[in-house]
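Subject: Structure for you to look at

Hello,

Here is the structure I said I would pass on. Please open it and keep it in view while you read.

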Amino acid sequence: MYSQDIYEYYKPLRNHLRQLSLPESLYTLWAFSELSQFNRQLPSDIENPQRLMDKSEMMFKGHVHPWEIELLTKEVIINAGETGLKSLRKWNYFSSAVNKLKELEGYISEVYISQDNVLLEINRIAHRQFPWQSLFPQPKLITRYFTIFSQPDLNQIVYNKFGLNTEQLYLLGSVLVGAFITNVARTYPLTVDVKGLTIEHLNLFLNHFSISLKDLKEKLGQQQSFDEKFAYSFNSLRTFPIIKMDFASKPSIVCPLPTLLFWRFTSGLYYEVCNEKGFENAFGHAYQDHVGKILKKSISKYRFIPEAEYYVKKSRKDSVDWIIESDALLFIECKTRRMGYAGKEEIINDEGINNQLTKMADIIIQVYSTINDYKKGYYSHIKYNKNKQIFPLIITLEDWYFHGDKLYNQLHKFVENYFIKKNLPLEWLDEMPYSICSLDEFEEMAQIIEQVGVKRFISGKVFMVVPFVKTPI
C-alpha cells in the first residue's frame, strides 16, 4: 500500500536514518532495548544525558517504548549504510530519530483514525504493545511451549522439520538469547561448548532463524506500508531475529532485539510447523493435556472431567475438552487458534477482523451444540443435572486482546446468527453466557475457582478479560 502524502511525512525519518552506520546503530538500539526491558545501564560509549540518569527506568520507558525500538530497528536496517556521518550514540540524534518516528505515527493517526474505527485501533495497539509489556524472559512461556512441543508426536514433527528435537532446539535458543543479552553480535562461526550440542546443531538452528543482511533488507523494504499499516505491517525481523553480517570487520551473527529471538523459538515455533502433516491434531491434544495439568495443579476441591466420546444414534462425537463440576458446570473448550495477522493490522477495512470473529463464533457454537447433546442425555461420562447452571468457556492459547464493545458486539452478532442457523434457543445466551480467556488468564482463574467455585466467580462475567480475573470476588 502507498500514500504519497504519508511518504512525504516519512522522508524526514528516512533521511535522518540514512546518515547512520548500520552496525553501530544496531549496537545502540540493542543497548537501549536492554535499558528499556531489563534496566541495564547503557554502555559507556553511548551518550547518557544527565536528565536520563536522574530519572528512573520507568521514566525512560515513558520516552522510548520497546515497540518503538522494534519499528526503529526495522527502519534503520532498511535505510542505514555501512558507514555514517551521524550516530545514534549521541542522545540528541537518537531522540530526534524517535521523535520523527512518533511524529510520523501521530500524523498517520490523524489521517486514518476516526470515531468509526477507534475501537479497532485499540485492538491494534493491544496486539502491538501488550506482548512487549510482559516481563522478560517469561519463564512461564518457555515452560508452556517446551512442555507442549515435547509431546512425542510434536517432538517428531519438530525433528522432521529442523533436524533437531525440541530439547535441542530450546537449549540452543536459550543459549543464544543469553549470549545476545550480553552482546549484540557474536563472531561466526561460534564455539559450541554445551554438552550434547555441536556446531552442526547450531547451523541447523540458524538455517531457520537467521538471514543474510542483504536478504533481510530486501524483505523489510517490500513490507513497508506507507498508509495506516505503517507501524503494523509484518516485520521479517520477527521471523529471522538473527542477522548474518559483518560486524566490527568480522563475519558475525547479530541479534539487535533478543526478545524477538525468544518469541521466535517459543510461541513462534508454531508458525514453523503448523502446516506439517499431523500437526493440527497433535498440537490440539498436547494443548488440551496442558490445560489438564493446570487443572490438576490448581483444582482439588472439585471434580474435573476430561473429554470422552459419546454417540448420538450411530454418530460418534467428542464432548468438550474438560468440565469443572462445582456449584455449577464449566464446559471448557481448549483452542489453539490465533488471531490472524489481518485482524491485528486492519482498521480501514474490517474484513480481516470480521473473518477472525466469525471463526471464534464458530468455536463458540460448537460448544453450545455439544451442551445441547449433554442436556439431551447423550454424554456418556456425566449425567445431565438440570439443577446446575452451565457456563461455556473457550481458552485460547494466546491472548486475542478483545477490548471494547465494538468487537464483543460484532462477535455476539455472529454467534446469534449461528444460533438461528442451528435452531438453538437464543435465550441460552443469557442462561448460559459464554466466556473467552487466554491460557495466562485461566491459570489465575483456576486458582480463584478453587477458592470460590465456578458460579460465584464467573456468573455475570459474560466476557472474560484480565480485569475480571484480577478483580477481587
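Below is what was found in it, topic by topic.

This is a predicted model, so local features need pLDDT of at least 70, side-chain atom pairs count only at pLDDT 80 or more, and totals for chains, interfaces and linings use all residues. Residues are numbered from 1 along each chain as its sequence is written, and side-chain values use heavy atoms, with hydrogens and water left out.

**Cores**

A nonpolar core is a set of buried Ala, Val, Leu, Ile, Met, Phe, Trp, Tyr and Cys residues joined through side-chain atoms within 4.5 Å. Buried means under 20% relative accessible area, exposed over 50%, and partly exposed in between (1.4 Å probe, protein chains only). The largest nonpolar core has 117 residues. Leu72, Phe149, Phe205, Leu330 and Phe442 have the most contacts inside it. Helix H6 (residues 91-112) gives the largest share of this core, 10 residues. Apart from it lies another core, of 39 residues, with Trp400, Phe402, Tyr418 and Met432 among them.

Helices (H or I, at least four residues) and strands (E, at least two) are DSSP runs, numbered from the N terminus. Contact means heavy atoms within 4.5 Å. Neighbours within four places in sequence aside, Leu72 is in contact with residues including Leu13, Phe94 and Leu101.

Charged residues are Asp, Glu, Lys and Arg; Ala, Val, Leu, Ile, Met, Phe, Trp, Tyr, Cys and Pro count as nonpolar, and the others, Gly among them, as polar.

Is Arg338 buried or exposed? Arg338 is buried, because its relative accessible area is 8%. Find Arg338 in the loop between strand E9 (329-335) and helix H16 (341-345). Leaving aside neighbours within four places in sequence, its contacts include Tyr145, Gln356, Glu398 and Trp400.

Glu70 sits in helix H5 (residues 66-79). Glu70 counts as buried, because its relative accessibility is 8%. With neighbours within four places left out, Glu70 touches Trp132, Asn235, Arg238, Leu257 and Leu260.

**Helix packing**

Two packed helices are described by the angle between their axes and the distance between the axes. Axes are lines fitted to C-alpha atoms, for helices over the stretch in contact, and angles run from 0 to 180 degrees between N-to-C directions. Under 35 degrees counts as roughly parallel, over 145 as roughly antiparallel, 65 to 115 as roughly perpendicular and the rest as oblique.

Helix H8 (residues 139-149) packs on helix H15 (residues 279-298) at about 125 degrees, with axes 9 Å apart. So H8 is oblique to H15. Arg144, Thr147, Ile148 and Phe149 of H8 make the contact, and Phe283 and His290 are among the residues of H15. By class, this contact has six nonpolar, two polar and two charged residues.

H8 also meets helix H10 (residues 166-182); their axes come within 9 Å and cross at roughly 155 degrees. So H8 is roughly antiparallel to H10. Ile142, Tyr145, Phe146 and Phe149 in H8 meet Thr166, Glu167, Tyr170 and Ser174 in H10.

**Backbone**

Most residues other than glycine have a negative phi, and most peptide bonds are trans. The bond from Tyr188 to Pro189 is cis, with omega near 5 degrees. Asn39 has a positive phi, near 60 degrees, and is partly exposed at 43% relative accessibility. Lys313 also has a positive phi, of about 60 degrees, but is exposed at 77%.

Best wishes
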